[in-house]
Structures are given as structure tokens and as C-alpha cells.
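Dear colleague,

Please find below the structure that I am handing over to you. My notes on what was found in it follow directly after.

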Amino acid sequence: MSEYLYLLLNLGSLSIPLGYSIFEKKFHFIQHFKSALISISLVALPFIIWDAVFAQMGVWGFNTDYYLGIKLFKLPIEEWLFFFCIPYACLFTHEVLKYLAPQFKLSKTPTVLLSFLLILITFLLLIFNFGKWYTTVNFILFIVLMLFSLKNNLSELQAYFPSFLVILIPFLLTNGILTGSFIEQPVVWYNNTENLNFRIFTIPIEDVFYAFTLLFSVQLIFNHLKKSNKKIKDETK
């Protein structure tokens with residue numbers, strides 16, 4: 001049964017958000033399914049390429065005991081599903097929080113200060129650990145995204161920071177299992193010479209920044225598509 005673990009983690013993460021998307025009529029997130037799928041797919045593509053390249057380089061890899069053995073471009077099919085199931089669940093979570101608690105956000109000043117603090121921390125870590133592949137690529141992408149968002153998407157950062165703290169709870173639980181918490185061996189292993197070798201339980205600290213870059217990128221594209229669709233509908237009325 002262990003070979004089903006990664007698949008079950010993906011499907012378990014997706015099941016409740018997808019179920020609510022379909023059957024909850026008031027919020028009815030399924031109406032945005034096309035925009036969600038496009039957003040997730042656009043972000044998934046470069047992340048999957050990054051994933052495959054790093055797997056070939058030995059920056060990380062996958063334990064054959066915990067997946068079905070089906071591979072696509074040398075990545076387990078479960079790894080492909082990860083980039084669709086987890087972002088959908090997190091996108092749904094943030095949209096629900098915005099719907100139910102529109103005031104659940106930071107004001108501008110704390111958002112700017114927090115953003116610059118995170119940029120400073122990741123920049124310093126990047127300088128002193130440049131050349132470690134996971135740390136280097138991860139932190140460069142995070143810094144670029146943060147600088148872009150501070151200039152163009154400050155209001156969304158205000159809303160997303162608190163949501164991300166909520167999202168981190170299930171994300172860290174799922175990622176904890178993937179990296180070896182509660183099981184004998186990790187589903188996904190990391191070469192510690194290519195990261196900071198500092199972990200939250202069994203999770204490399206870089207994974208938190210990786211998650212933010214992945215999920216917030218999806219959110220920004222989704223927001224743009226949703227606004228565009230609304231504008232088209234308004235113009236056709």
C-alpha cells in the first residue's frame with residue numbers, strides 16, 4: 001500500500017476543495033474553474049521543468065517505495081499531480097478566506113515592511129550560499145516575485161500574507177509527510193549540499209519560499225483572468 005502514499009496525499013488535498021467548489025452553491029468556486037486551471041497550468045509548466053532538471057542533477061529525488069512507478073519525462077506522475085492538486089486547494093482556500101473575511105488582510109505599511117524584511121533575509125542568505133542550487137534558484141525567484149508584487153500587486157500581497165499563514169498549516173503537514181515525517185523514509189529526498197540544510201522538522205526551509213512563489217504566482221494570474229472575464233461580461237451586458 002505504501003506505493004499509493006503520494007497519490008493519496010495529492011487526491012486527499014484536492015478532494016475537499018474540489019467538492020466544495022462543485023456543491024457549495026453560494027460561493028460556487030467552480031464557476032472560476034477554467035481560470036483556475038489556466039493559471040495553475042501556466043505556473044506548473046516552468047515548475048515541472050525546474051523539477052525535472054533538478055531531479056536529473058541530483059538536487060532532489062523520489063523514493064520508489066512511495067509512488068506507482070509511472071513516470072512522465074522521468075518524473076513520477078504523482079509529482080505532476082502535485083503541481084495541480086496543491087495549487088488548486090490553496091487557490092480555493094485563499095478565495096474562500098477573501099469571500100468570508102474580506103478584512104482578513106494586512107495594512108499597507110506592515111505589508112511593505114514585511115516584504116522588504118523577507119527580501120533582505122533571502123538576499124543575505126543568497127549571497128552567503130550562492131551556488132547551492134536549490135537555495136540560489138529558489139531565492140532569486142522569490143526576490144523577483146516580491147519586487148514585482150510590491151510595485152504592481154501590493155493590495156494582493158496585503159490579502160495574501162495572512163492567507164498564506166493559514167495555507168502553511170496543511171501545506172507543512174503534507175510536505176512533512178513527503179519529506180519523511182511520520183513515515184520510515186521520505187517520499188522526496190533532498191541533497192543537503194544544495195540547500196541551507198536547515199529544516200522545519202523534516203522540511204527544508206527553502207520549501208516555504210518555494211511554496212509562496214508557486215502559489216502566489218498562480219494567484220496573480222488567476223486574479224488577472226478573473227478581472228478580465230468580469231470586464232468582458234460587463235461589456236456584453
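Lys 74 is exposed, with a relative accessibility of 56%; buried here means under 20% relative accessible area, exposed over 50%, and partly exposed in between, with a 1.4 Å probe and protein chains only. Lys 74 sits in the loop between strand 2 (71-72) and strand 3 (75-76); helices (H or I, at least four residues) and strands (E, at least two) are DSSP runs, numbered from the N terminus. Although Lys 74 is not a glycine, its phi is positive, at about 70°. Most residues other than glycine have a negative phi.

Please note that this is a predicted model, in which local features need pLDDT of at least 70 and side-chain atom pairs count only at pLDDT 80 or more, while totals for chains, interfaces and linings use all residues. Residues are numbered from 1 along each chain as its sequence is written, and side-chain values use heavy atoms, with hydrogens and water left out.

The loop between strand 2 and strand 3 also holds Phe 73, which counts as exposed at 67% relative accessibility.

His 28 belongs to the loop between helix 1 (5-23) and helix 2, and counts as partly exposed at 25% relative accessibility.

Helix 2 comes next. Its 25 residues (33-57) should span 36 Å at 1.5 Å a residue, and the end C-alpha atoms are 35 Å apart, which agrees; the expected span is 1.5 Å times one less than the number of residues. Helix 2 bends by about 30° at Ala 44, and the proline Pro 46 follows within four residues. The bend at a residue is the angle between axes fitted to the seven residues ending there and the seven starting there. The buried residues of helix 2 include Ala 44, Phe 47, Trp 50 and Phe 54. Just after helix 2, Gly 58 has a positive phi of about 85°.

Helix 6 (residues 154-178) has a kink of about 35° at Leu 168, shortly before the proline Pro 170. Gly 180 follows helix 6 and has a positive phi near 115°.

How do the helices pack? Two packed helices are described by the angle between their axes and the distance between the axes. The axes of helix 2 and helix 5 (residues 133-152) come within 12 Å and cross at roughly 165°; axes are lines fitted to C-alpha atoms, for helices over the stretch in contact, and angles run from 0 to 180 degrees between N-to-C directions. Helix 2 is therefore roughly antiparallel to helix 5, where angles under 35 degrees count as roughly parallel, over 145 as roughly antiparallel, 65 to 115 as roughly perpendicular and the rest as oblique. The crossing of helix 2 and helix 5 is right-handed; a crossing is left-handed if the near helix is turned anticlockwise from the far one by less than a right angle, and right-handed if clockwise. The axes of helix 4 (residues 108-128) and helix 5 come within 10 Å and cross at roughly 155°. Helix 4 is thus roughly antiparallel to helix 5, and their crossing is left-handed.

Turning to the aromatic residues, a search of the whole structure finds 31 aromatic pairs; rings of Phe, Tyr and Trp (its six-membered ring) pair if their centres lie within 6.5 Å, and planes under 30 degrees apart count as stacked, over 60 as edge-to-face and the rest as tilted. The rings of Phe 27 and Phe 29 have centres 5.8 Å apart and planes at 10°, so this pair is stacked. Phe 27 is buried at 15% relative accessible area, and Phe 29 is buried at 0%. Trp 60 and Tyr 190 form an edge-to-face pair, 6.0 Å centre to centre with 80° between the planes. This pair links distant parts of the chain, with Trp 60 in strand 1 (residues 60-62) and Tyr 190 in strand 4 (residues 188-190), 130 residues apart. Both Trp 60 and Tyr 190 are buried.

One aromatic cluster includes Trp 60, Phe 82, Trp 133 and Tyr 190. Phe 82 lies in helix 3 (residues 77-100) and is buried at 8% relative accessibility.

Yours sincerely
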